[in-house]
Amino acid sequence: MQNKLEEKFIGAGLVDIHTIDATIQVDLVNSSADKNFFRQNFYDGLERAYLRAEVATKLSKAQTILRAKHPGYSLLIMDAARPLSVTKKMYE
């Protein structure tokens with residue numbers, strides 16, 4: 001089930017990285033007050049990383065290269081698309 005933020009991202013043409021490459025790890029630190037500097041949940045529990053399709057494709061290629069050289073390693077996305085409203089809250 002999508003939250004409102006996900007609906008905005010999808011409406012803007014962004015894609016969930018896992019639709020391009022399910023092997024890339026995602027741990028969005030700004031979705032958990034326990035994991036970020038601000039001690040706030042900015043993303044209402046969002047757990048998927050939304051990116052422009054071109055960026056997701058390039059990360060997938062980088063993941064393939066990384067895993068070929070180091071099979072036990074993986075890229076980890078800790079933050080992805082961020083609405084301007086969240087950026088403003090962080091700035092304040």
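**A buried glutamate and its surroundings**

E6 counts as buried, at 5% relative accessibility. The residue belongs to helix α1, in a model that is predicted rather than determined by experiment.

Of its 92 residues, 34% count as buried. Among the contacts with a separation of 6 or more, 66% are accounted for by residues 24 or more positions apart.

The average pLDDT of the protein is 84, and 73% of the residues score at least 70. Helix α3 has the highest confidence, at 98, whereas helix α4 (residues 84-91) has the lowest, at a mean of 69. Where pLDDT is low, predicted coordinates should not be read in detail.

The charged partners of E6 come next. Side chains of opposite charge can pair when their charged atoms come close. E6 forms a salt bridge with R48, with 2.9 Å between the closest N and O atoms. Because E6 lies in helix α1 and R48 in the loop between β2 and β3, this pair ties together parts that are 42 residues apart in sequence. R48 counts as partly exposed, at 35% relative accessibility, while E6 is buried.

R48 also meets D16 in a salt bridge between their side chains, at 3.6 Å from N to O. D16 lies in strand β1 (residues 15-16) and R48 in the loop between β2 and β3, so this second pair ties together parts that are 32 residues apart in sequence. With 11% relative accessibility, D16 counts as buried. The structure holds three salt bridges, one of which joins E54 to R52 with the closest N and O atoms 3.3 Å apart. E54 counts as partly exposed, at 46% relative accessibility.

E6 has a further polar partner: a polar contact of 2.8 Å joins its side chain to that of Y50. Leaving aside neighbours within four places in sequence, Y50 is in contact with E6, F9, I10, L14, V15, D16, A80 and A81.

D21 lies in the loop between α2 (17-20) and β2 (25-26). D21 is buried yet has no salt bridge, since the nearest side chain of opposite charge, R67, is 6.5 Å away, and a salt bridge requires the nitrogen and oxygen to be within 4 Å. Its side chain instead makes a polar contact of 3.0 Å with the side chain of S60. Apart from neighbours within four places in sequence, D21 is in contact with S60 and Q63.

T64 is found in helix α3 (residues 53-69). The C-alpha atoms of T64 and D21 are separated by 9.5 Å, although the two are 43 residues apart along the chain. D21 is buried, whereas T64 is exposed, with a relative accessible area of 52%.

How values were computed:
Residues numbered from 1 in each chain as written. Predicted model: local features only at pLDDT ≥ 70, side-chain atom pairs only at ≥ 80, totals over all residues. Heavy atoms only, no water. Helix = DSSP H or I, 4+ residues; strand = E, 2+ residues; numbered from the N terminus. Buried < 20%, exposed > 50% of the residue type's maximum accessible area, 1.4 Å probe, protein only. Lys, Arg positive; Asp, Glu negative; His and termini not counted. Polar contact = N/O pair within 3.5 Å; in protein donor to acceptor, adjacent residues only side chain to side chain. Contact = heavy atoms within 4.5 Å. pLDDT = per-residue confidence, 0-100.
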